[in-house]
Amino acid sequence: MVVEPEEVSASDIKKVTSASLSSEDDNTPKRSVEKNASPDFLARLSKKLDNTSRTLFFRLGYWIGKRPLRTIALSFIGVAIASLGLFNYENNDGRGQRIWVPEGTSSGENLDTRDEYFDDSFRISQVILVGKDDADVATQEGVLELISILEVFEETSWEGYGYYDLCNTAAYGDITYCVVNSVLNVFFDEEYVVYADDGTNVSFSRTTRAKVSTLTDEEIKTAIFDSAITWTNDPFTTDLFVGELSGSNGLNERYTPAFRMNVLINGSPSDSTGSKEYEFEKVAEKNVLDLSDQLSSTAYVNIFAAQQDSGADQADDVPLLLFGIMLAIIYVCMTMGHLNSVDSRVGLAIAAVVGILLAYVAMIGVCSLISWYGPVHQLLPLLLVAIGIDDAYVIVTAFDETSDISDTPERVGRALSRAGAAITVTSCTNSFAFLMGGTTQIPAMRWFAIWAGVGIFLDFLLQATFFVACLTIDSRRQKHDRRDLFCCSVVKNRSTKNIFGFENFGLKRFFKNTFAPILLKKVTAFFVIGLTFALFGISISGTVSLELTFQDDALFKEGSPIAEYWDVQEVYFAETSNIFPVEVFTGQLDYANENNQRKMSILFESDPEIGAISSDPFYKQNTLNSWYSLFREWGNLTDPTDVFPYDSYYEELSKFLLTEVGISIKDSLAFGEDQKLVATLSYLAIDTSSEDLDMRIDVKNSIEESIDSAGVPNSFPVSRFFLWFERDAILYQEALQILLIALAVVFVVTFLMIGNVRASAITLLGPCFSVIDMLGLMYYFSIDFNTVTIICLALSVGLTIDFSSHITIGFMSSVGSRYERVCGGLTHLGPPLTHAGITTFIATGILVFSTTYVFKLFFKMFMMIIAFGMFHGLVLVPVILWKFGPDGFFERDGDFKEEEDKIVFNYK
């Protein structure tokens with residue numbers, strides 16, 4: 001509620017319309033009205049477009065004023081028809097993280113090809129065991145405690161599903177075991193094999209416990225640091241599972257404060273709440289944390305289910321956002337009318353909110369026919385409220401300025417005629433800008449843009465019809481002195497003052513008598529322009545320094561087990577956070593062909609002087625694990641030119657697959673109906689620590705080129721992480737594309753509605769400066785540049801254009817000198833824009849108490865959107881219009897009234 005500091009009688013208020021406002025004070029030199037003696041084509045076009053817009057909106061308003069109940073009924077029928085699409089509604093469940101990565105990329109296609117032959121999805125849960133006060137865990141006690149944690153997994157069950165029912169199994173010779181990656185692989189010994197209770201699988205924990213119990217601390221250290229070979233005779237990558245203190249120069253000899261262990265569970269990464277895999281992991285997490293209290297070391301857990309919860313956790317602050325929207329609605333109810341028994345418009349404000357709700361339902365119905373509801377769509381209610389309430393305020397303001405018209409339908413028609421162009425420009429620019437933003441390659445961003453574009457357009461339609469019909473009914477109530485909300489009661493002595501004793505239109509008087517005269521002084525104008533360009537220069541510097549930034553742990557709740565795990569990982573495994581697993585896929589080719597055998601030998605050779613992969617600068621040494629190298633080793637083929645005879649190739653391969661080593665890699669081979677190879681997988685790791693996020697694509701390209709250099713047909717690297725590399729590589733391009741398209745649409749739509757190039761260009765200054773300033777401050781305030789902030793930047797164009805375009809249209813519709821017309825625009829549209837800005841501020845300001853990463857980011861970005869939108873729209877654009885604004889639609893006082901009367905007469 002706005003409380004004015006002084007009372008002003010109603011007789012002191014000069015009625016101001018968008019056609020004629022003279023707000024110069026006595027000290028301001030009068031300026032001649034800028035005439036255009038011989039209007040050019042654009043001037044005539046501008047006039048024609050304005051007249052056409054006013055005519056159409058008058059007819060619509062007059063029709064609604066005659067038939068408000070019918071209009072409301074038709075609105076509900078239209079929304080009901082649109083809502084039929086809800087039967088096709090679906091959210092993004094099952095699509096996983098693919099919605100955040102570009103479609104149609106080579107990485108995605110390669111991954112799909114790989115999945116056609118190998119269906120071995122699994123989920124990785126991780127544990128880091130840290131010695132108290134960084135004590136050495138490379139001891140018998142430390143390893144036994146790591147084994148105790150694995151035993152917790154093995155003993156965990158959920159509704160009859162145990163570890164051995166769900167674990168990812170592998171075989172080595174006669175031994176079938178659950179896959180665990182850790183230092184325990186060094187201590188597993190076939191001579192100490194102990195079977196699990198099911199009698200089928202070998203218990204990894206019991207077997208390693210039996211072995212470790214026989215070793216001294218010195219023997220433990222020797223096994224880890226001196227002869228790091230796994231029980232399957234593969235090299236053990238020590239730095240992936242044996243930690244070091246952050247800042248130290250490599251592993252301290254024969255000492256480590258931390259171990260890391262990976263436990264693999266079969267199941268799809270999309271299996272979520274209610275699935276046996278998810279629930280098992282949640283129980284295991286609790287059990288491990290309970291055990292940690294009993295150990296001399298501390299265990300930190302990162303279960304896969306917690307990673308899934310991190311995405312869902314972002315929705316925890318949605319109720320907070322809804323609470324903010326409720327507070328904003330209360331503000332709207334208090335400020336849309338004049339707070340007294342008759343002039344209050346609480347019921348009308350509720351009608352505006354109902355119109356927004358109807359638009360939201362219709363949007364879901366329409367858009368569900370073409371796409372799904374994504375994770376960012378929870379911002380849509382806020383967006384529709386911000387734009388819908390802005391339209392409602394503008395319509396009500398225009399209606400209040402027609403109080404001299406007694407005929408209700410005509411008054412409604414005149415009001416909508418005056419407000420129609422303004423709300424059309426803002427709604428169409430927003431809607432088209434978002435729809436054009438649907439060209440992005442990232443599905444989550446694309447469908448959000450399309451839903452937003454459709455929602456804004458429906459919001460506009462319902463505010464221009466449903467809300468106007470409710471306004472008509474409310475005006476009849478006021479005309480008959482009936483109370484707001486309790487319309488059966490008639491007020492006998494109607495007051496012009498509100499409950500605080502102030503007259504109506506206080507904010508309008510402030511803009512007319514205080515804000516506009518101060519703003520349009522030379523010293524103020526120079527200060528505004530200087531401040532704008534100073535901020536612009538600083539922001540340009542920040543923008544060019546802005547880098548793509550996103551930390552995986554940003555999505556985790558503070559204090560949660562997974563957040564603590566990531567904090568610990570940064571301390572003890574910082575050097576391995578940029579190491580990613582990669583598979584090498586070879587597809588259908590003649591594997592027995594001697595030439596292809598030689599090429600594969602070069603591809604998988606471990607010697608960097610010869611091998612195609614091992615010589616790659618981003619290859620993590622000693623991580624290449626290829627079935628083909630093991631096959632050649634079994635066949636005693638030591639020279640790269642040695643090959644298996646073509647005729648006996650598959651016979652030899654069959655023999656190899658019966659050996660212990662062969663059994664262990666059999667799942668990496670896919671055979672056709674003729675029992676010949678159709679696809680294979682080999683494994684390695686890459687190190688991206690030398691590259692920025694947006695340059696990691698170079699790592700992927702380098703590995704691809706290395707594999708291609710071997711000449712093996714139909715072979716390529718595969719990794720789900722490549723999808724993120726592809727996304728990061730195009731984010732700058734996507735951001736630039738979305739913003740440029742949005743700004744271009746703003747200019748084109750503004751020009752089509754106003755018909756004036758100069759006015760359209762000045763209007764564009766608001767969102768242009770706002771976007772640059774936001775990008776710059778993102779750098780100085782250390783706000784991450786990623787997909788979330790790109791969405792906010794796209795929103796900023798739509799929300800900031802509201803302020804600029806309304807003021808420009810108010811300027812173009814006013815009469816007099818540029819000074820008078822700027823004052824007219826500010827007086828006419830400054831109050832509704834201020835209310836709209838405050839409404840959005842209230843709705844988003846509550847997010848200062850948010851606890852999740854996404855909503856904290858939304859809060860920061862929306863505060864900048866509101867601040868820069870209001871500054872550039874209500875301060876900078878008026879100053880530019882004062883100095884450089886074009887001629888308006890009308891040349892003389894009375895022209896507007898004459899034209900509007902003509903529109904009314906012709907229609908009646």
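**Exercise 1.** State where Glu660 is placed and whether Glu660 is buried, partly exposed or exposed.

*Solution.* Step 1: Glu660 belongs to helix α23, which covers residues 660–665. Helices (H or I, at least four residues) and strands (E, at least two) are DSSP runs, numbered from the N terminus. This is a predicted model, in which local features need pLDDT of at least 70, side-chain atom pairs count only at pLDDT 80 or more, and totals for chains, interfaces and linings use all residues. Residues are numbered from 1 along each chain as its sequence is written, and side-chain values use heavy atoms, with hydrogens and water left out.

Step 1: Glu660 has 37% relative accessibility and therefore counts as partly exposed. Buried means under 20% relative accessible area, exposed over 50%, and partly exposed in between (1.4 Å probe, protein chains only).

**Exercise 2.** Describe the overall make-up of the protein chain.

*Solution.* Step 1: The protein chain contains 30 helices and twelve strands. Step 2: Its C-alpha trace spans about 105 × 55 × 55 Å along the principal axes. Step 3: Of its 908 residues, 59% count as buried.

**Exercise 3.** Carry out a corresponding analysis for Arg123 and Glu281.

*Solution.* Step 1: The side chains of Arg123 and Glu281 form a salt bridge (2.7 Å, N to O). Step 2: Arg123 lies in strand β1 (residues 122–131) and Glu281 in helix α10 (residues 276–292), so the pair ties together parts 158 residues apart in sequence. Step 3: Arg123 is buried at 0% relative accessibility, and Glu281 is buried with a relative accessible area of 1%.

**Exercise 4.** Classify the two partners of the salt bridge between Asp197 and Arg206.

*Solution.* Step 1: The closest N and O atoms of Asp197 and Arg206 are 3.2 Å apart. Step 2: Asp197 counts as exposed, at 70% relative accessibility, while Arg206 counts as partly exposed, at 34%.

Notes. Salt bridge = Lys/Arg side-chain N within 4 Å of Asp/Glu carboxyl O.
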